[in-house]
Structures are given as C-alpha cells and as structure tokens.
Amino acid sequence: MPVSRSPRRALAAVFAACVILPLSACGSSGGDSGTADASGKVEGDITFQTWNLRANFKPYFEGLIADFEKKYPGTDVKWIDQPAEGYADKISADAAGGTLPDVVNVSPDLVAPLARAGLALDLDKAASQYKKEYLEGAWASHRIPGMTGTYAFPWYLNTGPLFYNKSLFKEAGLDSEQPPKTYDEVFDAALKMADKTDGKVATLANVPTVEDFGRYGVELMNKEGTAFTFNDAKGVELLTKYKELYDAKALDPQALTATPESSGKKFLTGAVAMNPGSALDLGNFKKQAPNLYKNIGITDQITSTGHVNMYVMGVMVNARTKRAPAAVAFAHYVTDAAHQMSFAKQVAIFPSTAGSLDDPYFTEEDGTDETRVRVAAAKSLKNAVNYTPVLFSEQMKTELRNEVAKALQGKESPKEALDNAVEACNRLLQQQG
C-alpha cells in the first residue's frame with residue numbers, strides 16, 4: 001500500500017478496495033493449494049508486486065532484491081509496482097487470469113478473497129517456523145474468519161495520534177493543555193466549540209467508520225465471522241452522538257463527502273479543530289501551516305477499549321507459485337526484523353516484528369515533536385488492534401457510509417440506519433461465501 005502522511009491512508013485501511021473474487025473465475029483451487037511445499041532449495045525466478053512504492057523507495061527495494069539474490073545464488077526477483085488507483089481490481093484480474101505474481105503486497109481485506117479462492121499460501125502450514133518472529137496481533141491480522149490458517153506475513157504497521165489546534169481550543173474557552181481523553185469529553189468539547197464559534201469551527205471532520213465503532217467498544221461481528229453486529233445498542237449510541245454533533249455543526253457539514261485529504265486541508269486552514277494523523281504530518285504542518293505548527297497539540301487516539309487502531313500491511317505468497325521455497329524465503333526476507341527496521345527509518349511506519357519496537361529509535365525521546373509522536377505510537381502499537389474486520393469489503397464500507405449519511409441528515413433514525421447497514425453488509429457477506 002502507498003505509504004503516505006496519514007495513518008488512515010498509510011496502511012491501507014486507506015480503505016483499499018476488497019474485491020470479491022468469483023471462485024469460478026479463479027478456477028478450482030486444485031485440492032489443498034494452501035500447503036505448497038516450501039521446504040526445497042531456494043532458487044529460480046519469482047515476481048514480487050508492491051503497491052505504489054516505486055516512486056519514493058526505488059533504491060531501497062532494488063538494494064533489498066540485490067542482497068536477496070546475492071544470499072541465494074540462482075534466484076532472480078522481478079519487481080513489479082502497481083499504482084494505488086485500481087490496485088484491488090488489478091489483483092482480481094490477475095487472480096482470475098492466472099497471472100497473480102509469486103509474492104504480493106496486500107492488506108488484510110485484500111487477502112481474504114484470495115485465501116477463500118485457494119490462492120493465498122497458508123503460512124501456518126508452510127512457514128510456521130517464522131511465526132514467533134512477529135508481534136502476535138500482527139501475525140493474526142491476516143487470518144480469515146471461518147478459515148484456519150494465516151495467509152500473509154505481516155509487514156509494516158501504522159497508527160497515529162490525534163492532532164488538535166491549541167489556539168482554537170483557547171478561543172473556545174477550552175483548556176488547550178488538557179485535550180479530551182474520552183469520547184464523552186470529545187463530544188462535550190465539540191459542542192462547546194461549535195456554540196462558541198457559531199458553528200464556524202467544527203471539531204471533527206469525518207463521519208464514523210467501522211473502525212470508529214470498534215474503538216468505541218461496539219462488537220462488530222460475531223465470533224464465527226458469519227454476521228456483522230455493529231447495530232447493537234452501543235453502535236446506535238455512537239451514531240446518535242454523531243447526529244447531535246452534525247446538527248450543532250460540531251461535525252463539519254462536509255463530513256458526509258470528506259476524504260482524508262479534504263479533512264487534512266480543513267485542519268490545516270483552521271476550519272476543524274482535531275484530526276487524526278501520523279508523525280509524517282508534522283513536517284507538512286511546518287511547511288504549509290507554520291502558525292498551526294506553532295500551536296499544534298498532540299494527544300492519544302480516543303478509545304473506549306484501551307486498544308488503539310492499527311493499520312497493517314502484509315506480504316502474501318501465491319499458493320500456486322512454482323517456486324514456493326524462493327517465494328516464501330523472499331516474503332520472509334522483506335518482512336524480517338532487520339529489513340523492517342531499515343524501512344521504518346526511511347518513512348514513518350513501524351515494524352511488525354517482535355522486539356523491534358523496543359529499539360531506542362522507538363523508545364527514546366530527543367525533544368522533537370516527531371520523535372514524541374513516534375515513541376507514543378510505538379508504545380501503543382504493542383497491544384493495538386486492527387479493528388476493520390478482514391471480511392469488511394469496500395462495498396460494505398460504502399453501504400455503512402451511505403446509511404450513516406442518512407442518519408445524520410435525519411432521513412432515518414440511527415437505529416434504522418445501522419439495521420439497514422448490517423442487513424446490506426450481511427447480504428454481501430453471504431455472497432462472498
């Protein structure tokens with residue numbers, strides 16, 4: 001996935017499209033294709049596909065590939081990089097056409113249909129010796145409800161704080177040194193901000209997504225992975241709060257059509273008082289909005305569960321590769337501790353390997369805001385959760401967003417909207433099966 005300045009984009013939950021692969025188009029999985037033998041000699045030609053990384057990281061990947069080929073004489077890695085736009089469609093087309101690369105950069109929602117179609121190698125069977133090298137939550141992130149196995153090596157992680165504009169807080173009579181820590185405090189501050197500014201300054205710029213329901217403590221799905229459940233009392237409570245904010249203009253009026261980019265611009269221009277972000281944002285603030293940078297406040301993600309949201313990228317091995325030993329060895333090489341650490345020092349992302357977050361780079365502050373954000377994020381990642389359900393496809397995200405919009409506009413009650421969203425998502429879920 002493209003690495004970019006917001007964690008909402010940086011790790012795919014950039015809301016990468018999850019394509020529902022028709023199993024007939026992929027052909028029969030040909031028995032237990034998820035257990036290709038990876039124990040032979042590491043040799044031969046393989047293809048490696050990344051997701052919009054060539055433009056910024058070409059020297060890194062060329063060096064990594066050269067080192068791998070030197071370590072394993074007789075191997076040849078062909079690197080393919082696909083643009084961010086249409087990545088999921090490209091994977092779907094390759095899967096249907098039998099041209100899926102040997103090693104593929106994926107997010108959990110992209111790996112789910114591939115695993116169900118018998119195209120993703122089960123690493124619990126083919127590469128279980130590597131499991132202990134990764135954070136438990138990261139390794140589990142590419143498991144699919146209703147299936148046994150793990151279908152991608154975890155690669156880089158991201159999370160981020162909430163940024164807030166201290167000067168806007170002061171002007172609204174709020175304590176700029178004591179930002180909101182709970183949902184109730186956020187909602188209370190937002191209503192005060194809207195009242196004080198006659199609705200000119202909103203506190204939040206985005207409607208709630210499935211991960212927001214997760215952070216609020218809503219049970220998103222049943223344990224069997226057969227039905228979504230985010231229309232429970234707690235889910236309705238959260239959407240009701242957002243409706244109150246929307247009516248008071250404490251939620252930006254354009255939130256219904258907002259993108260991470262547009263929300264970021266609103267925060268830059270002072271039209272919005274709080275916005276999620278990452279360490280990468282600070283340099284952007286410094287350059288584009290020096291006044292905001294001088295007044296930037298940094299606080300933790302709001303969560304009712306004690307676990308922040310984590311975005312995770314993975315590296316999947318094609319179950320039908322003819323070079324399973326080389327493909328597994330390379331996927332592991334890309335994601336091992338040493339290479340994840342070197343990549344993390346090039347861009348503000350975090351390794352998924354066990355022990356890496358204890359490195360001084362992620363634990364020792366030097367007085368800069370950038371380091372402060374990195375250290376705080378690394379600490380929170382140790383027990384972070386990827387709230388977006390693996391089976392929650394792009395179509396489902398659209399259904400939820402549409403129903404949330406109806407509730408905020410008063411066309412449906414929050415309960416009706418979430419009931420409708422769950423019904424639509426469960427129907428789509430059955431079609432996946």
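How near do the axes of helix H19 and helix H20 come, and at what angle do they cross? I find that the axes of H19 (residues 394-408) and H20 (residues 414-432) come within 8 Å and cross at roughly 165°. Axes here are lines fitted to C-alpha atoms, for helices over the stretch in contact, with angles running from 0 to 180 degrees between N-to-C directions. Because angles over 145 degrees count as roughly antiparallel, H19 is roughly antiparallel to H20.

Before going on I note the basis: this is a predicted model, in which local features need pLDDT of at least 70 and side-chain atom pairs count only at pLDDT 80 or more, while totals for chains, interfaces and linings use all residues. Residues are numbered from 1 along each chain as its sequence is written, and side-chain values use heavy atoms, with hydrogens and water left out. Helices (H or I, at least four residues) and strands (E, at least two) are DSSP runs, numbered from the N terminus.

Next I listed the contact (heavy atoms within 4.5 Å) between the two helices: residues of H19 including Met396, Leu400 and Ala407 meet residues of H20, among them Ala417, Leu418 and Leu428.

I then turned to the open sheet, whose five strands have the order S2-S1-S3-S8-S4 with mixed pairing; two strands pair if DSSP finds at least two bridges between them. Strand S2 (75-82) and strand S4 (153-158) are the edge strands, each pairing on one side only. Averaged with direction ignored, neighbouring strands of this sheet are turned by 20° against each other. Helix H15 (residues 324-335) packs on the sheet and touches S1, S2, S3, S4 and strand S8 (311-317), its direction making about 20° with that of S4. Within the sheet, S1 (residues 44-51) and S3 (residues 103-106) pair in the parallel sense over two bridges, and I note Val104 in S3 as the bridge partner of Gln49.

My last entry concerns strand S5 (residues 162-165), which runs antiparallel to S6 with three bridges and antiparallel to strand S7 (residues 296-299) with four bridges. Tyr164 has Met274 as its bridge partner in S6 and Gly297 as its bridge partner in S7. Both faces of S5 are covered, with Leu162 and Tyr164 buried on one side and Phe163 and Asn165 buried on the other; buried means under 20% relative accessible area, with a 1.4 Å probe and protein chains only. In S6 (residues 274-276) I looked up Asn275, which is buried at a relative accessible area of 8%.

Conventions:
Buried means under 20% relative accessible area, exposed over 50%, partly exposed in between (1.4 Å probe, protein chains only). Angles under 35 degrees count as roughly parallel, over 145 as roughly antiparallel, 65 to 115 as roughly perpendicular and the rest as oblique.
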